[in-house]
Amino acid sequence: MTKRTYILLVVIYLLATVEALASDQLYNGTVRDEKGKALPGATILSDLGEGVVTDPFGKFKIKISDEAKYLTVSFIGYEMQQVALVDQTSGQLVITMQPSSISLSNVVITPDDTEIIHSLSQYDLAVRPINNSQEILRYVPGLFIGQHAGGGKAEQIFLRGFDIDHGTDISISVDGMPVNMPSHAHGQGYSDLHFLIPETIQRVDFNKGPHYAEYGDFTTAGYVSFKTRDAVDHNTIKVEGGQYGTFRTVGMFNLLGTPESDEDDQLFVAGEVFGSDGYFESSQGFRRYNVMAKYKSQWNPNTLFTATGSTFYSKWTASGQIPVRAVESGQITRYGAIDDTEGGETARTNLNLQLVQDLKGATWSNQLYYSRYDFNLVSNFTFFLNDPVNGDQITQSETRDIIGYKSEYKRSDYLGSIQLQSKAGATMRYDHVDDIRLSRTKDRQEVLSDIARGDVNQSNVSAYIGESIALLPQLVLDAELRYDHLFFNYTNRLDATDRTEDKGIWSPKARLNYQLSPNLSFFVKAGTGFHSNDARVVVAQSGEEILPKAYGQDIGMFYKPASWLAINLTTWNLDLDQEFVYVGDEGVVEAGGKTNRKGVDLSVRAELTSWLFADVDLNYTKARSIDEPEAAQYIPLAPVFTSIGGLSFDFEQGWNGSVRYRYLGDRAANEDRSVIAEGYFIMDAVVNYTQPKYQVSLTVENLLNQEWKETQFLTESRLEDEPAPVEEIHFTPGTPFFAKFGFSYFF
């Protein structure tokens, strides 16, 4: 950039400053509910288009033109307010929001696509009954999950043309604490959300693509961030029971009483016990136990402290994946098993400390977390292919300690009339994985041999900066830059070798949002991200090609043609570099070539009446391996067309519920699409009758009792009596018609 250009930019900013001093007014304010509790995330818009969002203390600062006549304040679950500015002077505004029924009219179009998505996800949570934590992942349009190991294993995830396995290309967190496990015994980025009790969830934030600097490793297809409640509205005891020996009990209790204001300390505990024999012929014996406690205290008007602790344990037996030929021949039924000694047990204990400070125009947040994790999984995918005598059962196990820290500084400023939102952050995460192991076993007990065994020490240190500039009230530019440096150490217990590698990666990102009218906004995004590879891959490749980069571009719009209708349309493209993958089920390293994924996402939300709500998400993706011959470019199991939607109702008399569907189209099971993984269409329903002191509920999964394959893989296997191996579809059957009843008592 030349010296003349610098001078020109300075002159422009000085002119903008002079103009702002002459014609703009600066307002500081706080948005609270009727009890005086702060409402972080509320949206404030002027009638001329200037907009801001409240910080964790419910505070905001907005500079608006003298021509502005009013501010519109909106927050899901509260009546929208208009604050006339004619009688206001520059200074402090205190805006009190009154509760109201959930309405799509409270979702406003702004020049910030992240805030619009946040509002829509809040709306979805409010109008759709919650069934389980894993199901909430489906609130991300286009995201599908599948279970294939008895209910206790993390779900398989599909999004944007990725078979993400259990989390390789999506970043998942709870209260800022990462869920993904790098260099995991079963799969890279393994994300088990079973420690999250669904009733404790307050909101779900998400976005797709590698476009956000706060999210680093694994953020290629997107991220999902869960936020739990700070307190519960009332004490609750919930009991559920259903078919196949299914039962569930949940309790949530405010130990310091129901908080009346932010000055009151808040402490609640929640517990969950879940069990099911499952619909398979061999009982799953699935048991899950969850306990969570969360304490929040406002030490002074400018300091918030939160401490969350949780512990989780589960164990189960699984029937595993079965070959189509065994079912078609009558050897087993679709709910039978070849090896019914599969299964596992896992546990995770977390401590999460967060401190947020208001620095007068800025916020500084610090977070420290620790997790202790144990994992043991027994599987058999090939039966008698490799060992015709003992079978091919494998056991994957590990014990892990995680410690992490995150610090983030955010500031809101004005350069003349130009609004600036600045952020800077730094993170550190260290994983010590003790005795990460892949062994050949028999009957889940006897260890025949070790295929791989060692210890992993892995660290990720990162820093990021970002600047959001309102070039015009309706035009916002976000420019961000992130740097990650990863350190990998693997000690191989089988050959007594110890190797260390490290690698750094830069991830620039930019977004441009333009609000054409109060009902229509457009966005363009471009950025790079990455997912790390397993430490065992890193040392095997001597640090080469071990941080495959993702290059993403999104173009889209949000449109509200009426107060009761919201539409989001996005076209996107994502390129992923060459990578090498550690196959946890076999203990080998495989090369994966460059890939390209592109598609279209369409989401529609409609408030048909004051009590009837509709939603539909349609997603089309074309996923290809670009280094392969054209006839062999299909990416196995990559979704092509998916759709999720439904109708939800909420009557004043206390009846509420929903009927929902999910559709996953046929997709290629191999590179030339000569084998097809069959799609499915499933419907579920929930009906609740809610009164001030109790709720009665009925949940039905697979309402139409379809026979469907929840997960599918093209696998070469050999049954005990077969002379030669066969390659064909192996699958886990989806749940048949399943009903459960529930009763909740509030006090």
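Q: Is Ser-744 buried or exposed, and at what relative accessibility?
A: The model is predicted. Buried means under 20% relative accessible area. Ser-744 has 4% relative accessibility, so Ser-744 counts as buried.

Q: Where is Ser-744 found?
A: Look for the strand that holds the residue. Ser-744 sits in strand S43, which covers residues 738-746.

Q: What does a partly exposed residue look like, taking Phe-681 as the case?
A: Partly exposed lies between the two cut-offs, under 20% for buried and over 50% for exposed. Phe-681 has a relative accessible area of 36%, so Phe-681 is partly exposed. Phe-681 is found in strand S39, residues 680-691.

Q: How many salt bridges does the count come to?
A: A salt bridge needs a side-chain nitrogen of Lys or Arg within 4 Å of a carboxyl oxygen of Asp or Glu. By this rule the count comes to 45 salt bridges.

Q: Which residue forms a salt bridge with Asp-230?
A: Lys-294 does, and the closest N and O atoms are 3.1 Å apart. The pair links distant parts of the chain, 64 residues apart. Asp-230 lies in the loop between strand S14 (222-228) and strand S15 (236-242), while Lys-294 lies in strand S18 (residues 286-300). Asp-230 and Lys-294 are both buried.

Q: What is the salt-bridge partner of Arg-288?
A: The partner is Glu-272, with the closest N and O atoms 3.2 Å apart. This pair also links distant parts of the chain: Arg-288 in strand S18 and Glu-272 in strand S17 (residues 266-276), 16 residues apart. Now apply the burial cut-off. Arg-288 has a relative accessible area of 10%, so Arg-288 is buried. Glu-272 counts as buried because its relative accessibility is 2%.

Q: Which residues do salt bridges that share partners join into one network?
A: Follow each partner to its next one. The network joins Glu-199, Lys-238, Glu-240, Arg-248, Glu-272, Arg-288 and Lys-740.

Q: Are Arg-429 and Asp-431 buried or exposed?
A: Both Arg-429 and Asp-431 are buried. They form a salt bridge, and the closest N and O atoms are 2.7 Å apart.

Q: How many helices and strands does the chain have?
A: Step back to the whole chain. Its secondary structure comes to 5 helices and 43 strands. Of its 747 residues, 57% count as buried.

Q: What radius of gyration does the chain have, and what would a compact globule have?
A: Compare the two values. A compact globule with 747 residues would have a radius of gyration near 27 Å; the chain has 26 Å, so the values agree. Along its principal axes the C-alpha trace spans about 90 × 65 × 45 Å.

Q: What share of the contacts in the chain between residues at least 6 apart in sequence joins residues at least 24 apart?
A: The share is 63%.

Note on methods
Residues are numbered from 1 along each chain as its sequence is written. This is a predicted model: local features need pLDDT of at least 70, side-chain atom pairs count only at pLDDT 80 or more; totals for chains, interfaces and linings use all residues. Side-chain values use heavy atoms; hydrogens and water are left out. Helices (H or I, at least four residues) and strands (E, at least two) are DSSP runs, numbered from the N terminus. Buried means under 20% relative accessible area, exposed over 50%, partly exposed in between (1.4 Å probe, protein chains only). The radius of gyration is taken over C-alpha atoms; the globule rule is 2.2 Å times the number of residues to the power 0.38. Contact means heavy atoms within 4.5 Å.
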